[in-house]
Structures are given as C-alpha cells and as structure tokens.
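Dear colleague,

Please find below the structure that I am handing over to you. My findings follow after it.

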Amino acid sequence: MTNIIDRIGTAPIAAAGLVGGYYVARETGIRPLGGVVLAAAGAAAAQGWYAKGGAATAAALGAIYLGGFGASHPLAKKIGAWPSVLSVAAVAGGASYALVDRL
C-alpha cells in the first residue's frame, strides 16, 4: 500500500505549502497559523524527499523550500505578494519534481 506522498508526489505538497501558508496567514491575519501550514507541508514533503532521494537531496530541497519562503518577502516588494509566492512555489515544486518525483 502506498502513502499519499507516493501517490501525488512531493512537488505539489511543496508548492501547496508555500501557497497555502501565505493564504492562511493573509486571510486569517494570524501569521503563525500560516507558519503551521508551511511547516506541516514542508515536513510532509521532506519525508518524501528523504525516502526517495536520501539525506543530501532532502537537505537541498529543504533549503530551496525555506529559501523560497525567505526570498518571497523581498521579492514581494518588487513584483507583488501573490506573484512572489507563486514564483517561489513554482521553483520549489519544480526542483522537487526534477530531483525526486520524476525518478
């Protein structure tokens, strides 16, 4: 029996964590609640990254995920909040697909 990470892949989980975390924080006005969404999705994706790609791949993708979260803030000042979030989600999801899911 496969788990949900195996069925849908890590790329959509990573992208959804970044988009969902932002959405929840924005709509509720409670930034830590958005952080919970971000962390939960990141942890789920990291489990798949580690299982499928090993520790080095999981660490690299975790850095991209967290780096995307950090980079979205200054990027938002240049291109807007939603374009920034969608851009970093695309990068994190794309990297996750390329390094883990397509294998």
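Which residues does T10 touch, not counting residues up to four places away in sequence? They are I5, A45, G48, W49, S96, V100 and D101, where contact means heavy atoms within 4.5 Å.

Please note that this is a predicted model, in which local features need pLDDT of at least 70 and side-chain atom pairs count only at pLDDT 80 or more, while totals for chains, interfaces and linings use all residues. Residues are numbered from 1 along each chain as its sequence is written, and side-chain values use heavy atoms, with hydrogens and water left out.

T10 lies in helix α2; helices are DSSP runs of H or I with at least four residues, numbered from the N terminus. T10 is buried, with a relative accessible area of 0% (buried is under 20%, exposed over 50% and partly exposed in between, with a 1.4 Å probe and protein chains only). Its side chain makes a polar contact of 3.3 Å with that of W49 and another of 2.9 Å with that of D101. A polar contact is a pair of N or O atoms within 3.5 Å; within protein, one must be able to donate a hydrogen and the other to accept it, and residues adjacent in sequence count only if both atoms are side-chain atoms. D101 belongs to helix α4.

Helix α2 has 19 residues and spans 26 Å from its first C-alpha to its last, close to the 27 Å expected at 1.5 Å a residue (1.5 Å times one less than the number of residues). Among its buried residues are I13, G17, L18 and A25, and the cover over the buried residues of α2 includes α1, α3 and α4. A16, also in α2, is partly exposed at 44% relative accessible area. Just after α2, G29 takes a positive phi of about 75°.

The largest pocket holds about 340 Å³ of space. On a 1 Å grid over the protein atoms alone, a pocket is an open set of points where a 1.4 Å probe fits, with protein on both sides within 12 Å along at least five of seven lines; lining residues have an atom within 4 Å of a point. Grid points are joined across faces, edges and corners, and the volume is the space filled by probe spheres set on the points. Of the 17 lining residues, Y22, A25, R31, F69 and H73 lie nearest the centre of this pocket. Helix α3 gives the most to the lining, with eight residues.

Yours sincerely

Conventions:
Helix = DSSP H or I, 4+ residues; strand = E, 2+ residues; numbered from the N terminus.
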